[in-house]
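Welcome, and please have the sequence and the 3D view ready. Let us walk through the structure together, one part at a time.

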Amino acid sequence: MDLRESLEPRGRLQVDGNVALLDATGLHYRELNALMRRLSAEGVENVELHNVNGQRYIGTGLKRPMNIIVRGTPGNDLGMFINGQRIFVYGNAQDGCGNTMNDGLIVVHGSVGDVAGYAMRGGRIFVRDDAGFRLGIHMKEYGGKKPIIVVGGGAGDFLGEYMAGGLILVLGLKEEKNECVHSPKFVGVGMHGGVIYMRGCTIHAGKNVLVEGVEDEDLKLIRSLVEDYFNHFNLDLRVNDFISDEFVKVTPSTSRPYMGLYR
Amino acid sequence: MRNRAASTYIVLRKEDKCTKCRACVEQCTYGVHSYNPAKNVIESKSWLCSNCLRCVEFCPTGALTITRNPNSYRMGHHWNHEAIMDVKRQAETGSALLEGMGCDGPNLTYWDRLLLNACQVTNPPIDPIREPIETRVILGRRPPRVELKPENRRLMLKNELAPYICAETPILLAAMSYGAVNLRVQEAMARAAIECGTYFNCGEGGLHPELRRYGSHIIVQVASGRFGVDIEYLNSGVAVEIKIGQGAKPGIGGHLPGEKVTEDIAMVRMIPKGTDALSPAPHHDVYSIEDLRQLIYALKEATEYKKPVAVKIAAVHNAAAIASGIARAGADIIVLDGVRGSTGAAPKAIRDNMGIPIELALAAVDRRLREEGIRSEVSIIASGGIRSGADVVKAIALGADAVYIGTAALIALGCTLCKMCYTGRCAWGIATTDAELSKRLNLEEGCRRVANLIKAWTMEIKEMMGAMGIDTIEALRGNRELLRGVGLTEGELRVLGIKVAGE
Amino acid sequence: MDWASRKNKFSSSNTLARQPANPQKIGTQCRGHHRRTRRSPDEITMFQHKDQRTASRICEKSISSCALFGLINLERRRVTCNEALRAISCMSERGNGLGAGFAGYGIYPHFTDAYALHVMYLDDKAKRKVEKVLMRDFQVLLGEEIPTRRARSTLHAPAFWRYFLEPARSKLQEEEASPDEYVVSRVMKINGEVEGAYILSSGKDVGVFKGVGFPRDLAEFFRLEEYRGYMWICHARFPTNTVGWWGGAHPFNLLDLSVAHNGELSSYDVNRRYLEMWGYKCVMHTDSEVISYALDLLLRRHAIPMDLALAVLAPPYWDEIDSMKCEDRDLLTALRRVYGELAMIGPFSIIAARHGEMIGFVDRKKLRPLVGGVRGEFFYLSSEESAIRLISPTLDNVVRPRAGEAVIARCEAPRAVAMLSTLNQKEV
């Protein structure tokens, strides 16, 4: 069956130059992703998906850059393995968002489920609201490649577990309507690289991590990320007020957390 | 407290033969031998010796002998030498014990208690030297049936079959990661795989750019650490294997000690140099069987459904039920790794006590999948303790499609099973990433020896198949009728699904 | 006397025609020559077979060497099995009196549309159980004991009954199965679960008569001179490692497919375990049984044409497949991939028959003999040419299938005798 040929006459797929509009109602992820790969191969660079509901692996396997707007609730493993694509979600993302992504951008206007940014190798994830458990575990870093996750609200336990590199910034914004409980436990347990910045919470840190205040250099970095965050979500907050609040910095106390445990 | 009195090995040096050339000093990586210029003698600290025999091999005058220390703790069956030594070691360090290679416990080898049938009179044996015996195996998901459609006045396949890989021998080279072994070892394996028409699994440490040219014979692995995993990596091999567990250390992750994480390994794995490379115990996106399905299909999406996806588990008590779940979760190949499977480093307690022998697990999995009518839809690769062509034949007769060999291939490269892999100081230049030590391994020679091993075993397999009157691997797979057991209990015979010899 | 002319007599009081009443009434007790207070050693072995299997789930494989003979009249003219009997008997050197059998096609002209079940009973209990199932699941048109007479070496014969039946319509609809599927499922259920009962054949207008003895003894025992068929498949057996037993004789049958086999399958356990996944129950303790089930699976259930089915049973070598052109290579690779466990490895020659069709083929190394002969409207297949020459000294044509090749004779248009190798057919 050729999906494209069946969708286009019904107006569910409109392609105009390098822009495509697609109604994803009822599509299986295998169909949806194959169609997106095909559109990408045909030169489409901007896709807007409507009525997404549960389709997994959106963006996975695309070989060229693409801007993807997702309206609805994308399924698990959104943007898994993506390599430079940019995904904007209007809604909440489920578990495994940005799983093992290599490069690119995921912006979620809402919350993400558990295990977002697992083993992330590069690129950035911005989450307007909250992140679930095990955010950014086992993030990697090498040379110029450094993955970054910014979460506006709170994050669950074990964030940054086994972290080998990269950066996680949790802002702890508490909006009235969305009172998040923001006191993750076991932060950075087993981490041996990278850095976690957190604001507005008490730190229950894992073993082998250092919890310190931030330095000027850290603040410079935080400031630029917060600006990006505000820009992505059009928030009308004054960065300066915000930035003056207290941040803590979590880093590994050793790059060899397992040394001496075994002999 | 020193623990030297009953060191396991002692170094004997014939002083009249020793020329003080210091080859032993240079070759030993564990600091056993040292030259004392004051006395002009070479002294040996026997308690550091692991019996790797490197110095003996390189001693030009044959002056060295390594022997078991006659000074041993009082002989006991329960408190034997090893048990006492381990306690003393731990009392000293306060650490869990770490060791390389696989579990070597007694009574865990069932291969030796299985015997094969041969043709006599009623069925002619086949002469493997002159008549064709086919050892080709196809690995991948199979549809339950072939559907045909008429086209151009002839019959054609109705639908495309799932992707598969095709090996000319049922022997594949098991996962060994860059980090656990060095690049030369991996390259020797990859080239041997190409020469023999089989595959090498590059393990969980990513695939070095240098090795990508061998991609047509490489299976790439995705483990919980996700080292070196990106879309290019996934597509650089012919198949993708998800490592859930391994026989040497079921239920735990792994860690590559920082000493082994060189600049090059840091680059391939994408972690800072010199840090411990940690593999979490679980895949943190797989907490249940439906999550495994999610990961399998993520990999299929990433490879556009063009590559088979394998799932490797350690053989544990309920392996049969798990394997059934894996098959139903969409895996194309199931890899079972038995308790004797090897590793670069594992806590000894886990290595020696967790998991079950591959023979029993394999038989149980094969039977379970048959009871559910899905055995022929997936392929099974067995691993963990395969020592010879005969073991391969027995594994296939119990129900495997193919086997992975790891330890045997390393022995072909020069490994002496001294179990010091976890130190990263392998004297034979295998389980080390040290640039100097790695040079001890000759790539061409290593490749030749691994290829020789596979060819020799394949020849043995053909001869045994011929003697049984069988000329395709398919007719051997799961052919329990060809096996008989000796010295096995009723229960063991029942699990293995075989009769006792003489019956 | 033709069997058909005796029909009325059979419908007498101790038989049952169209009376779905008390199953007990289907017939009298097993009459048989086997009823004695003490069992013979042979019988004890027979009883033990099923017990052992259920206990250990491991099947016996019996090994046998044999003589095969088949004849077909391409005009479907019915003949007695006399000629076939003479031919098979002439190859007595190849059998040892421990098994022989016949499959006759077109032998029940009064019941061409009913499934004819030939059932062997080792005791009355088995018969009661089977008849309960038959009365429940079928409309039984006629049930009666197969007429026999005492013959040499058939003293310990079990009881043989036959039933002409149609699937119960309501049940058939309920299960949404084809009638063939329905019958096969009952055959497998009875063979697998009822101790002491074995369905020897289950096709329409076809019947299998077999047991322990030389072909001549069995023909006498079953009064085969009273039947006429257009096709006869015969077999004389030389079992080597198990006690000959009545169920282990050839031909093996399922629906209208009958198979007689000479050789041993080294791949038996693989074939059996594969077929068990498709619901077949191997109960006859003889490797040849799997061939009939394999052909049933391929031809009937998976709609694979005969030439490709043969390429499954005797697969071309990978080298040959690799050098084929693209589509053929894909097709045969797919067949070997999917049906690799149905490859019959080991020496064999096989005669397989369906209504209107008789096929002979040999293993891919050509380790067993098979020769075919054409004379007018008759076509013969035999282990030895001499057996054909005995009944037809002159032949129009002699064919010898090569390794992995089949010779096929068809009654239906285009009526032909042809050599069939994979993807290639040539008339002779």
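Strands here are DSSP runs of E with at least two residues, and helices are runs of H or I with at least four, each numbered from the N terminus. Two strands pair if DSSP finds at least two bridges between them. β6(B) runs antiparallel to strand β22 (residues 483-485) of chain B, and three bridges join them. Look for Leu114(B), which stands opposite Gly485(B) in β22(B).

A word on how to read all this: the model is predicted, with local features needing pLDDT of at least 70 and side-chain atom pairs counting only at pLDDT 80 or more, while totals for chains, interfaces and linings use all residues. Residues are numbered from 1 along each chain as its sequence is written, and chains are lettered from A and ligands numbered from 1 in the order in which they are written.

Staying in chain B, turn to helix α4 (residues 183-196) and helix α14 (residues 443-467), whose axes come within 8 Å and cross at roughly 45°. Axes are lines fitted to C-alpha atoms, for helices over the stretch in contact, and angles run from 0 to 180 degrees between N-to-C directions. α4(B) and α14(B) are therefore oblique to each other, as angles under 35 degrees count as roughly parallel, over 145 as roughly antiparallel, 65 to 115 as roughly perpendicular and the rest as oblique. Among the residues making the contact are Arg184(B) and Ala188(B) of α4(B), with Leu443(B) and Ile454(B) of α14(B). By class, this contact has nine nonpolar, one polar and five charged residues. Nonpolar means Ala, Val, Leu, Ile, Met, Phe, Trp, Tyr, Cys and Pro, charged means Asp, Glu, Lys and Arg, and the others, Gly among them, are polar.

Finally, see how the chains meet. Two residues are in contact if their C-beta atoms, placed from the backbone, lie within 7 Å. Of the two pairs of chains in contact, A and B share the most contacts. Between chains B and C, 34 residues of each are in contact. No contact joins chain A and chain C, whose closest C-alpha atoms lie 22 Å apart.
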